[in-house]
Amino acid sequence: MRAILILFLAALPHGSAFAQTAGLDALHALKIESGAIQFLERDDSPSVTIRNRTLQNVPPRTILKIVLNPSARSNIRVEIWLPDADKWNGRLIGFGNGGPAGSIDEGILCGNCSQGFAAAHTDLGTAPVPKAGMGNPEVWKDFGYRATHLMTVVAKQAVEAYYGKAPEFSYFVGGSTGGQQAIQEAQRFPEDYDGIVANIPALCRTPLHAYFLWNDQILKKCPFTPGQMANIQQAGIDYMAPRQVPALAGKCIADPRCTGKDIDAVIQLARQKDPSLTDAQAEALHKLLDGPRYSVTGERIFWGIPIGGSISASHGNLWLVSWAFAGGKSTDEINFGDDMVTYTRLMAPYVNAEDPNLGPFEKHGGKLIMVAGAADSIVPPQSVIDYYERVIAHFGDLDKVRSFCRFYLIPGMGHGAQATGFGLPGDTFKKVMEWREHGTVPNEVVCRRVVGGKVEMEMPVYPYPQQTGWNPKTNQYQPVDGPRGGLDPIANRFLPAPSM
């Protein structure tokens, strides 16, 4: 019966009111595995108020809210916005979250529905945050990968029921936690999406939160004043200035990769600029810039604050560690020996997105764009550089990887926003669509540095490992070959294999 209905709907004129009614009836009849429809309504009012903000000129849409319970200890909310059939562009777009998630972003659903997309979002099953994940492995699975996949499954079911056909193309866009979701989708469920944008992806999840904890413990014992932190950040930028193109020198850093000697030199320069820095602070700063290490063997757990990045933004975010220990230990008591091993064993197989085998995604025809900020101290760019290098090593061919996955390292960018350098490029989703649908291979992205509300500088950024160079003869930017690798790797014990 449902198949007959779908064929019938497909034959109806797109603007038909009868088709609209039939589509709603099909949604009402939708059978959802381990879940139920909580709300279904077509709304043709031209305005909608979201978080005390009223949006105008909103086209008619059908809103579907679903609750999924893949396990007794899971509670995942999903919301899907569907434009009327005559306004639908044939595409589905899924969106990622930030931090521990726990909420639905109706604003982004509304905006993309207004542009003709069927749009979906989930709270990742972590509401109310941050306690939902305390000692609950089912929530760890939901947060890590399961909720995003199940959102995608039900969204595709809803699209097919409502419009009488599957989406022609499906896309996913996310940043930070959403970037983790994006990479998990490419790794675990390679046929879910045709194109993916992973901005500032928190893919190396458990080591990243070990970094937050490491920094938090150090800064509680040895704090820095705001002035000292600003001077340290500028000392790093000044030290790295000779390695930058002229327009960036003294303003921001294009590539934060460094050696232990570089760290020592930055600390020395910072103390010359700011004599108030004590020996104890210099020792603490070395630990902050080097990153957390396993106290038993000295093996690397994660990298340090990127040179030129913010110290103040590099700590906090301790909820993931608290989930693992379920409140049995305060974060001040957690050590970097046995506790790190326990924490990794419990959570990493679910929440890390570190599998370099993107072969099934590539075979599906998927296209992936990753973006990281060179000055991001919330998701340090070393983790994304390292992952991309491991993908290259897996395929054994840089050109093969670049044929479906491109990575951009944005000079001086913080956590998705301008820090000392540029902001997030705004055209990556358009580029991934054109790449997947028309074979238009992306090259440079254009980044802008805004000061006082005005664009101070505009610069192209080329796909890794290329970097932006300067040709003094033509007074123009140009791509140049950049370095490969150059990172002390995380110990294997802290990057265990994924698990379902």
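Student: Which residues touch the most other members of the largest nonpolar core?

Tutor: In this predicted model, I80 and M370 touch the most other members of that core, which has 110 residues. Helix α4 (residues 137-163) supplies its largest share, 13 residues. A second, separate core has 37 residues, including I93, C113, L248 and C447.

Student: What is I80 in contact with, leaving aside its neighbours within four places in sequence?

Tutor: I80 is in contact with T62, I63, L64, I66, A119, A120, V154, A155 and A158. Each of these counts because heavy atoms lie within 4.5 Å.

Student: What makes strands β12 and β13 a pair?

Tutor: Pairing requires at least two bridges, and seven join β12 (residues 445-451) to β13 (residues 454-461). The two strands therefore pair, and they run antiparallel. In β13, E458 is the bridge partner of R448. The strands form a hairpin with two residues between them, and G452 in the turn has a positive phi of about 60 degrees.

Student: Why does R449 count as buried?

Tutor: The cut-off for buried is under 20% relative accessible area. R449, a residue of strand β12, has 12% relative accessibility and therefore counts as buried.

Student: How do you know that the side chains of R449 and E456 make a polar contact?

Tutor: The limit for such a pair of N or O atoms is within 3.5 Å, and the contact between these two side chains is at 2.5 Å. Not counting residues up to four places away in sequence, R449 also touches others, among them K251, Q418, T420 and F422.

Definitions and conventions. Residues are numbered from 1 along each chain as its sequence is written. This is a predicted model: local features need pLDDT of at least 70, side-chain atom pairs count only at pLDDT 80 or more; totals for chains, interfaces and linings use all residues. Side-chain values use heavy atoms; hydrogens and water are left out. Helices (H or I, at least four residues) and strands (E, at least two) are DSSP runs, numbered from the N terminus. Buried means under 20% relative accessible area, exposed over 50%, partly exposed in between (1.4 Å probe, protein chains only). A polar contact is a pair of N or O atoms within 3.5 Å; within protein, one must be able to donate a hydrogen and the other to accept it, and residues adjacent in sequence count only if both atoms are side-chain atoms. A nonpolar core is a set of buried Ala, Val, Leu, Ile, Met, Phe, Trp, Tyr and Cys residues joined through side-chain atoms within 4.5 Å.
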